[in-house]
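These entries record what I looked up on helix packing and aromatic contacts. I began with a pair of helices and then turned to the rings.

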Amino acid sequence: MAKADFSPIADTTRRAEIVALLRRAILTGQLEPGQKLNELRISEQMRVSRAPLREAMRELVQEGILTSIPYAGTFVIGVTAKDIADAYSLNQVLDEFAIELTWPLRDQRFLDEVDRRHEAVKQATRDVDTTRQIEMALQLHGLIYEWADNAVLLETWQRLTSRLQMYFALHQRARNEPVPAEDVHEEYARLLKGDDMRAAQRHARAHIELDYEELLAYVRGLEQRATEGGKADRTAPMRKGTRDS
C-alpha cells in the first residue's frame, strides 16, 4: 500500500490546505484507490488537530473522492474498470447534449472564456502540476455545462467531475506521465469557438475516448493485483504472537 507523507501547515489556512493536500495526495497516487486514511498519522504529520482534518475529509466525501464507511473509517474511493466505463460513456452523452444547448448561446464572453481556461490548462501543463492541470482541464470541459442554462445538467456534471478528476489522474499514471501534452485541448478549444456544432460534438466524443483502452487496461491490472493480494492475505499463516492492527 502506498505511503503518503504530509508536511505541517499553518493554522490560518487549515481546512483549505488540508483539503488541497489530501486531494493532491489522491491525484498523484500517494493515496491509492481503496486505501484507508490514517487520521492520527496524517494529523500528526500536518500538525493539526483531528477536528479540522475530519472536516476536510467530510468535504472530500461530499465531493465523491473519499468514502466514509461506518465503524471502518474513511477511504479513497475504489476504482474499477466498470466505474470508468460507466463514467466515460455518460460523459460522452452529456457533452454532446451540453454542446447542443450551449451552441446558440455563445457570445464573445464565451469565446474569451474558452481561451482563458485553455491557457490555464496549458500553464499548469508547462508547470508540470498534475493536480492543477486536472482541475483546469475539468474547468475547461465544464464551460459548456455552465453556459447551457440547464441546472440539472450542470448539477449532474458537477457530481461527475469528482470521479473524473481521479480517472484523469489514473490515466496519467497509466501513461507514466505527470501531465498530458500541452496541445491536447487545442482542437477542442478551436471547435468550441467555430461554426460546426457537429464537428465539436464528434471531437468531444473522440477526446473522451483518447487512450481510453489504455486506462481500462491499467485499472484492470490494479484490480488483478488487489485480487491476488487479497488471496495471499487469506492464505498466509498468521505468525505466532501477532494480531490484526
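Entry 1. I note that the model is a predicted one. For this pair I read a packing angle of about 135°, with the axes of H4 and H7 10 Å apart. H4 and H7 are therefore oblique to each other, since angles over 145 degrees would be needed to count as roughly antiparallel.

Entry 2. I then listed the residues in contact. On the H4 side I found Asp83, Ile84, Ala87, Tyr88, Asn91, Leu94, Phe97, Ala98 and Leu101. H7 contributes Leu153, Thr156, Trp157, Leu160, Leu164, Tyr167 and Phe168.

Entry 3. I next searched for aromatic pairs, and the count came to four. One of them joins Tyr88 and Tyr167, with 6.4 Å centre to centre and 40° between the planes, and I recorded this pair as tilted. Tyr88 lies in helix H4 (residues 81–102) and Tyr167 in helix H7 (residues 151–174), so the pair ties together parts that are 79 residues apart in sequence.

Entry 4. Are these two tyrosines buried or exposed? Tyr88 has 6% relative accessibility and counts as buried. Tyr167 is also buried, at 0% relative accessibility. Under 20% is the cut-off I applied for buried.

Entry 5. Finally, I looked up a charge placed over a ring. Arg106 lies over the face of Trp103, and I read 3.5 Å from the ring centre.

Technical notes: Residues are numbered from 1 along each chain as its sequence is written. This is a predicted model: local features need pLDDT of at least 70, side-chain atom pairs count only at pLDDT 80 or more; totals for chains, interfaces and linings use all residues. Side-chain values use heavy atoms; hydrogens and water are left out. Rings of Phe, Tyr and Trp (its six-membered ring) pair if their centres lie within 6.5 Å; planes under 30 degrees apart count as stacked, over 60 as edge-to-face and the rest as tilted. Helices (H or I, at least four residues) and strands (E, at least two) are DSSP runs, numbered from the N terminus. Buried means under 20% relative accessible area, exposed over 50%, partly exposed in between (1.4 Å probe, protein chains only). A charge sits over a ring if NZ of Lys or CZ of Arg is within 6 Å of the ring centre and within 35 degrees of the ring normal. Axes are lines fitted to C-alpha atoms, for helices over the stretch in contact, and angles run from 0 to 180 degrees between N-to-C directions. Angles under 35 degrees count as roughly parallel, over 145 as roughly antiparallel, 65 to 115 as roughly perpendicular and the rest as oblique. Contact means heavy atoms within 4.5 Å.
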